[in-house]
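User: I am new to this structure. Please take a close look at the start of the chain, and then show me how that part sits within the rest.

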Amino acid sequence: MELRRVDNNILISKVKKEQELTLEDIFQDYDGAYKAEKFDWGSPSGKEMW
């Protein structure tokens with residue numbers, strides 16, 4: 001359900017169910033070129049172990 005205000009009126013409308021994505025849908029534009037990169041999360045800020 002979607003609620004919107006239009007000209008001092010409340011409009012309630014049914015939301016269309018989104019299509020469930022498959023792995024093929026998600027990776028349709030993937031060309032296989034991927035290189036993992038290191039990411040700096042910064043120094044510990046609590047009691048976590050590194």
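**The start of the chain**

Glu2 counts as partly exposed, because its relative accessibility is 35%. Keep in mind that this is a predicted model. Glu2 has a partner: Arg4 forms a salt bridge with Glu2. The closest N and O atoms of Arg4 and Glu2 are 4.0 Å apart. How exposed is Arg4? Its relative accessibility is 40%, so Arg4 is partly exposed as well. That falls between the limits of 20% for buried and 50% for exposed. How many salt bridges are there by this rule? The count is 1.

Next comes the loop. Strand E1 covers 2-6 and strand E2 covers 9-13, with Asp7 in the loop between them. Asn8 is found in that loop between E1 and E2 too. What stands out in the backbone of Asp7? Its phi is positive, at about 50 degrees, although Asp7 is not a glycine. Asn8 also has a positive phi without being a glycine, and here the value is near 60 degrees.

The cut-off for exposed is over 50%.

Now step back to the whole chain. It holds 1 helix and 2 strands. Along the sequence they follow the pattern β-β-α. The helix is H1, at 23-26, and Phe39 lies in the segment after it. How far is Phe39 from Leu3? Their C-alpha atoms are separated by 41 Å, and the two residues are 36 apart along the chain.

Aromatic rings come next. A ring pair is described by the distance of the centres and the angle of the planes. The structure has 2 aromatic pairs. One of them joins Phe27 and Tyr30: the ring centres are 5.9 Å apart and the planes meet at 75 degrees, so this pair is edge-to-face. Phe39 and Trp41 form an aromatic pair that is edge-to-face, with 4.7 Å centre to centre and 65 degrees between the planes. An angle over 60 degrees is what makes a pair edge-to-face.

How exposed are these aromatic residues? Phe27 is partly exposed, with a relative accessible area of 49%. Phe39 stands at 59% relative accessibility, so it counts as exposed. Trp41 is exposed too, because its relative accessibility is 67%.

The values for single residues go with the total. Of the 50 residues of the chain, 0% count as buried. The accessible surface comes to about 6,100 Å². Carbon and sulfur atoms account for 53% of that surface.

What about overall dimensions? The radius of gyration of the chain is 22 Å, whereas a compact globule of 50 residues would have one near 10 Å. Along the principal axes, the C-alpha atoms fill a box of roughly 55 × 35 × 15 Å.

Last, the charges. The chain has 8 positive and 11 negative charges. Their mean positions are 7 Å apart.

Back at the start, then, the picture is this. Glu2 and Arg4 are joined by a salt bridge. Asp7 is in the loop between strand E1 and strand E2. Asn8 is in that loop as well.

Terms used: Residues are numbered from 1 along each chain as its sequence is written. This is a predicted model: local features need pLDDT of at least 70, side-chain atom pairs count only at pLDDT 80 or more; totals for chains, interfaces and linings use all residues. Side-chain values use heavy atoms; hydrogens and water are left out. Helices (H or I, at least four residues) and strands (E, at least two) are DSSP runs, numbered from the N terminus. Buried means under 20% relative accessible area, exposed over 50%, partly exposed in between (1.4 Å probe, protein chains only). A salt bridge is a side-chain nitrogen of Lys or Arg within 4 Å of a carboxyl oxygen of Asp or Glu. Rings of Phe, Tyr and Trp (its six-membered ring) pair if their centres lie within 6.5 Å; planes under 30 degrees apart count as stacked, over 60 as edge-to-face and the rest as tilted. The radius of gyration is taken over C-alpha atoms; the globule rule is 2.2 Å times the number of residues to the power 0.38. Accessible areas come from the Shrake-Rupley method with a 1.4 Å probe; for residues, only the protein chains shown count as cover. Lys and Arg count as positive and Asp and Glu as negative; His and the chain ends are not counted. The place of a charge is taken as NZ of Lys, CZ of Arg, CG of Asp or CD of Glu.
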